[in-house]
Amino acid sequence: MRFLEDKLDNFWNAHKSNPGVAYVYGHKLSLAWVLGILFIFVLGFMYQGNAAMFKGIAEASETIISVPSATEIVKVHVVPGQEIHAGDTIVEINRPDLTLRITELTRELDAIEGRSSLSSAEIDQKVAEVKANLDTRRLTLNAEIRNLETEYQKNKEISAKLKSLSSSKTSSDGNDAMAMRIKSLKNELALAQKSANEQIALLRGSSKLQKTSGKSEAANLKKELEELQKQQEELVQIAKEDWVVGDVNVRDGEKVSSFAPIVTLTHKSPTLIRGYINEQIYKNMDLGEAVKVTTLAGTGKAVVGEVVGLSSRIVPFPTRMWKMPEFPIYGREVTIKIPEDNPFLLGEMVTISEASAKLLKKQKEKK
């Protein structure tokens, strides 16, 4: 505003004899305000909905080693700041409850297999007893039937020779009674055979049911045992990729509660940029959009990043981004993924802007 007033004073000194200029000079303050407001309005219109550049902080993804139950630390193999590679041992952990449960499951599985074998042997023995009883009963009945049939046949032959007795009521009644007895014994034999078959079928079905039940119970126990054995293997934590040790929160021999952080790992180079767009200069960005990331001073090699996250609300900027400590700044948070081979330091403040077509082409050629 002072700049505009100085310009008006210079203009007045040069043209103060002109009546129009005199009028304007008399209202210089009002005119300066009008021009200032107009300038701000035009500037705001030009940048409305478009943020050409904003700032962010270089960060790295982290992973925390913890376990879902109380544990005992056997040995820590790393120290803070150490670089580790895939295959390196990070920490050895002991879970007494896990070892105890694995032992219990192993014993239960052995017991189920033993009970299954014993039950099968008992059922086979009972089936053999039923068959033996049936054979004994069959021999007895068949012998009695054969005797009765022989006697019945003899009586018929005698009756045929003694025609005078063929009409005898006593002989006829005796033969009829013997025939009925033979029929009754044959029915009894058939009934004994049927009863034995039913008993054997029932015993065989019971054996299959017990085996099926035992297999189902054993399958559930084996599934639990496999899961626990997998957890036991994970008690020795091995690095699956290259990391830098951030924090080590335990010591050898220390007991740790469930889900307590044991070791924190981070990547050596930043992999993410947490950007912040001022709410007064707002830009609608889309997921997957390419952006250019450079150092705060604009020096060094630019890196092409990809927008992978957009906050759905306005959040406060980190304190280090505030221009004045007593005046917080608010805006939208943007998460940008960058390649691991970048020149930035962890925690470094960077500048984010739209990626030019030339830079995008260069990045594609590099890939």
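Modeller: Start with F259, which is exposed, because its relative accessibility of 56% is over the 50% cut-off. Keep in mind that this is a predicted model.

Biologist: Where is F259 in the chain?

Modeller: F259 sits in the loop between β8 and β9, and β9 covers 263-266.

Biologist: What is its phi?

Modeller: The phi of F259 is near 60°, a positive value in a residue that is not glycine. Most residues other than glycine have a negative phi.

Biologist: OK, on to β8. Which strand does β8 join?

Modeller: β8, residues 255-256, is joined to β3, residues 71-76, by 2 bridges. The two strands run antiparallel. Within that pairing, E72 stands opposite K255 of β8.

Biologist: And how many bridges join β3 to β5?

Modeller: There are 4 bridges between β3 and β5, where β5 is residues 89-94. This pair is antiparallel as well. I73 has I93 in β5 as its bridge partner.

Biologist: What holds strands together like that in general?

Modeller: Strands of a sheet pair through backbone hydrogen bonds, in a parallel or an antiparallel way.

Biologist: Let's change topic to the inside. How many residues are in the largest nonpolar core?

Modeller: The largest nonpolar core has 28 residues. I73 turns up again here: along with I84, I90, V263 and L265, I73 is among those with the most contacts inside the core.

Biologist: Which elements supply at least two residues each?

Modeller: Those are β3, β5, α4, α5, β7 (243-248) and β9. The largest share comes from α4, with 5 residues.

Biologist: What does V263 touch, leaving out residues up to four places away in sequence?

Modeller: V263 touches T63, I64, I65, V78, I90, V245 and D247. One of these, I90, is also on the list of residues with the most contacts inside the core.

Biologist: What lies apart from that core?

Modeller: Another core of 15 residues lies apart from it, and V293, V303, I336 and V350 are among its members.

Biologist: Now the barrel. Which strands close into it, and in what order?

Modeller: The barrel has 6 strands, in the order β1-β10-β13-β12-β11-β14, with antiparallel pairing. From one strand to the next, the twist averages 45°.

Biologist: How many bridges join β11 to β12?

Modeller: 4 bridges join β11, residues 290-295, to β12, residues 303-316. A290 has E306 in β12 as its bridge partner.

Biologist: While we are in β12, is S311 buried or exposed?

Modeller: S311, which is found in strand β12, is buried, because its relative accessible area of 15% is under the 20% cut-off.

Biologist: What is S311 in contact with, apart from its neighbours within four places in sequence?

Modeller: S311 is in contact with R332 and E333. A polar atom of the S311 side chain lies 2.9 Å from the backbone nitrogen of E333.

Biologist: Last topic, charges. How many salt bridges are there?

Modeller: The count comes to 10 salt bridges. In one of them, the side chains of R274 and E59 meet at 3.1 Å, N to O. That pair links distant parts of the chain, with R274 in β10 (residues 272-278) and E59 in β1 (residues 53-59), 215 residues apart.

Biologist: How accessible are R274 and E59?

Modeller: R274 is partly exposed at 21% relative accessible area, and E59 is partly exposed at 27%.

Biologist: What about R95 and D97?

Modeller: Their side chains meet in a salt bridge of 3.3 Å, N to O. R95 is buried, with a relative accessible area of 8%, whereas D97 is partly exposed at 38%.

Biologist: And where are E224 and R101?

Modeller: E224 is in helix α5 (residues 169-233) and R101 is in helix α4 (residues 96-161), 123 residues apart. Their side chains form a salt bridge at 3.0 Å, N to O. E224 is partly exposed at 32%, and R101 is partly exposed at 25%.

Biologist: Which residues are in the network with R101?

Modeller: Salt bridges that share partners join R101 with E104, E108 and E224 into one network.

Definitions and conventions: Residues numbered from 1 in each chain as written. Predicted model: local features only at pLDDT ≥ 70, side-chain atom pairs only at ≥ 80, totals over all residues. Heavy atoms only, no water. Pairing = 2+ DSSP bridges. Axes fitted to C-alpha atoms, helices over the stretch in contact; angles between N-to-C directions. Buried < 20%, exposed > 50% of the residue type's maximum accessible area, 1.4 Å probe, protein only. Polar contact = N/O pair within 3.5 Å; in protein donor to acceptor, adjacent residues only side chain to side chain. Contact = heavy atoms within 4.5 Å. Salt bridge = Lys/Arg side-chain N within 4 Å of Asp/Glu carboxyl O. Core = buried A, V, L, I, M, F, W, Y, C linked by side-chain atoms within 4.5 Å.
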